[in-house]
Structure formats: C-alpha cells, structure tokens
Amino acid sequence: MSSNIGAPAKAKYQEYLDAGSLEQKIKLLGEFISLVPKHKATEKIIALNKSRVAKMKREIEDRIQQQKITQKVVSPFSIKKEGIQIILISAYYTPGVGKTSLLNFLTGAAEEKIGKFTALPEIGIYQYNKIRFQIVEMPSIMRGASEGIGNGKEILSQLRSCDLICICVDLSRSFEEQMSLLLEELSKAEIRINIPPPPLKIQKTGSNKIQVLYLTSDAKNVEDIKDFTEKIKEIILENGIRNAIVKVYGAISFDDLVDALNPSVVYKKAMVIATKGDLPHTEEPFEKLKREYSDKFSKIIGTSVHKRNVPQDFGEVILRFLKKIRIYTMSVGGDIAEKPLIMEENSTIKDAAIKIHKSFYESFDHAIVIRQDARQKRKRVGLDYELHDMDIIEISTM
Ligand SMILES: Nc1nc2c(ncn2[C@@H]2O[C@H](COP(=O)(O)OP(=O)(O)O)[C@@H](O)[C@H]2O)c(=O)[nH]1
Ligand SMILES: [Mg+2]
C-alpha cells in the first residue's frame, strides 16, 4: 500500500482485510476512504476503493433481491407508476413536515391521514389540464435510511424509478438539518440529484484490452493524460472488466468513472418544496434556503397549505422543470384530442408517431403541424420536424 495514506488509514485497511462479513467490510472500507488524505496522489486509491464498496453493496442487494424472489415477497412500498410520478419525501419529525397536507391539497387524497404518522406510501392523482400526475407521499426518511433504518431501503428504492423527487422541507425547523440528512441518504443510496450522468461510455468489446478514447477537447484537457489513462484502466480492471472501449466526451473525475461503473447509480431530478410558510419567522429561513441551495436546486418553491398558497399552475411548473412538452393529436376529421401526449423537449414528429403507434411511423406519409404562435400557423412537415410545447399534429399514413 502506498505511503501517501498515513498510519490511521493503513490500520483501518488492515481491519477491513481481517473483517469477516461483507457488511463489516463495507463499513470499514468506507471509514478507510474517509481517513485517506485527499490529494492528487491518493485520488486513484480512493476511486478504487469506492468502486470496491459499491461492488460489495451490490452483492448484498443481490442477495436480498434473491431472497425476496424465492420468498415471493412484494414490498408494500412498491407502487405501480401511473402518468408522471412525483414522490414527496421529507426528514422524519413529529408532527410531520406537511407532506400529507400537500398531497391532500393537490389531489384530495388521504385527508384523514393528515397529522398522523405515515407508515406506508399514500397516493393521489393530481389533474392539470387533463394531464395526470401521480403524487406519492413516502414515509419520512430517518438518518441511516440508506442502511435500512425505518424501512429506508424500500423507501429510497422507490425513488429510483420516479420522474421527480420533491424534497419537502419544514420552514419552521432547521432546513439545514433536513437538507443535509436527505441529501446524505440520497447520495448513500446512489441516487444522484440534478446532475447529468458523467460524459463517458464504457463498451465491453471482444479484444483483450482496455482502450480509452478522449473525444472532445474538454476530455483531453488532463494534466498527464498517460498517467490518467493508466489509472482509468486500473479502476476498470478492479471492476472485473478486462476488455472495453471507454469513450470520454467531456471532463471527468475518478468519482465519475466509479459512478459510471456502478449500475446502481441513478440520476434524478429534484425540486425543493418549503412548507408552512404561514408560520411566524419562516420568511428569513426561506430566503436563506434559496441562497444556500440554489446552486443544486434551480426550483425551490415556498408554500403554505393552510393559507392555500401552492402554485396554481403546479402542473405547468413541473412540466417546465422536467423539460416536457405537450402535443395534441388531431384526427383526420379535425377533432383535437383532449389529452396531450407528453414528450421530451426537442422531440420530433418521428418520436410522436412512434409514441402513438409504430404503424404511424412505419407507414408515415406526412404530418400537419398547427402552431398558434408561428408565422405560418399550419405547416406540412416530415419526420424530422422538431415539435414545440402545445403543438397540434395530424399524421397521415400511406
Ligand atoms: N402552519 C401550518 N401547518 C401545516 C401546514 N401543512 C401542514 N401543517 C401541519 O403539520 C402537521 C403535519 O402535517 P402532515 O401533512 O401530516 O405532515 P407529514 O407527516 O409530512 O405527512 C399537521 O399538524 C398539519 O396540520 C401549513 O401549511 N401550515
Ligand atoms: Mg404524512
């Protein structure tokens, strides 16, 4: 082991090697990582060992999954997704932060549960201009949730497939405490918030080597590219991959690489909803919350359910935040569908055709787009035409 890491870390590493159980090993290796001084010469050691921790955690998860499959257990926390799924989370307090109140305000569900401990998820449907948003309140998250405290694993694992996480923060209590607890547990559960996946792709190949390709000038902008490449290769080898092409599209860190090698990592969008804005002395904390967290959260909304102060166009806010657009289909007879297709920004006619039914794509002839604010309102277009929010389309097939 390198001489850069210091005696306490070395001792911890020995403990890790001697540990019997996987759980113990994960804990000790985590402690080892936090003991290693952070600088250039130790970056690789840290990344390698983060990868090891991630691998051991996955082993444990796989074991639990396997047990569940053999015992045919369906978690009461698992929720079938319907429409755009939004999950409300908060730190654990009694009385609570106001999640059920918000759920009830938006959807009418769970009125009788307000002010009570929520042990299992509560679900409601929020309708906004014929668009369905499924709002799910999760039981509160306790410190140690990512290790399983208070059903934390089940709760956190539900977040992995949702469309949006709403972090609910009570303005009448320390927001610092709530935010740091939640962000820490999310991070430990390998849920990355409001960041794009790292700009790299690892493709396994048949050849017996690891090849690293730097495909942009940002990617190439590394001090000692030969040394960097060697370290990348070592970290990949540590993950049991012997043959691969690594394509790097931008500046990356070793942590990015560790994440890219860890199939458990997910990237989620999240906004903050501050609650109980009607209570005295909540204005200043709200301003402070916005100041301190606006880097990580582009959307921080102040609310008070008691004053009925929740954005009236909450659905609009969500669609904009998630970069979704609404496309209304028109039949040949000229009837416009009430319910829009919800698509990603920059989608094309082709995407819409496929979304309606693949036959619309396979026998596509042309489409008509009606766009209210365009100079030419009605336009005949092809498959590559890029759609805007609120476009009306009519697809003609051959
Ligand atoms: N002052 C105030 N109290 C609220 C507001 N929203 C919820 N509460 C209260 O906070 C407590 C917990 O609410 P609840 O919705 O059950 O929180 P949960 O545990 O996060 O689901 C209840 O006593 C609510 O009446 C609000 O906007 N203003
Ligand atoms: Mg509740």
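Two strands count as paired if DSSP finds at least two bridges between them. Strands (E, at least two residues) and helices (H or I, at least four) are DSSP runs, numbered from the N terminus. This is a predicted model, in which local features need pLDDT of at least 70, side-chain atom pairs count only at pLDDT 80 or more, and totals for chains, interfaces and linings use all residues. Residues are numbered from 1 along each chain as its sequence is written, while chains are lettered from A and ligands numbered from 1 in the order in which they are written.

Strand E12 (residues 324–329) runs parallel to strand E16 (residues 391–397), with 3 bridges between them. Ile-327 stands opposite Asp-391 in E16. Both strands belong to an open, mixed sheet of 5 strands, ordered E13-E12-E16-E14-E15. From one strand to the next the twist averages 35°; axes are lines fitted to C-alpha atoms, for helices over the stretch in contact, and angles run from 0 to 180 degrees between N-to-C directions. Helix H12 (residues 349–356) packs on this sheet, touching E12, E13, E14 (364–370), E15 and E16, and its direction makes about 135° with that of E13. Contact means that C-beta atoms, placed from the backbone, lie within 7 Å.

The other sheet is also open and mixed, with 6 strands in the order E2-E3-E1-E4-E10-E11. E2 (122–128) and E11 (300–302) are the edge strands. Neighbouring strands are turned by 25° against each other on average, direction ignored. Helix H11 (residues 314–321) packs on this sheet, and its direction makes about 90° with that of E3. Within the sheet, E4 (residues 164–170) and E10 (residues 270–275) pair in the parallel sense over 6 bridges, and Asp-170 has Thr-275 in E10 as its bridge partner.

Methods: Two residues are in contact if their C-beta atoms, placed from the backbone, lie within 7 Å.
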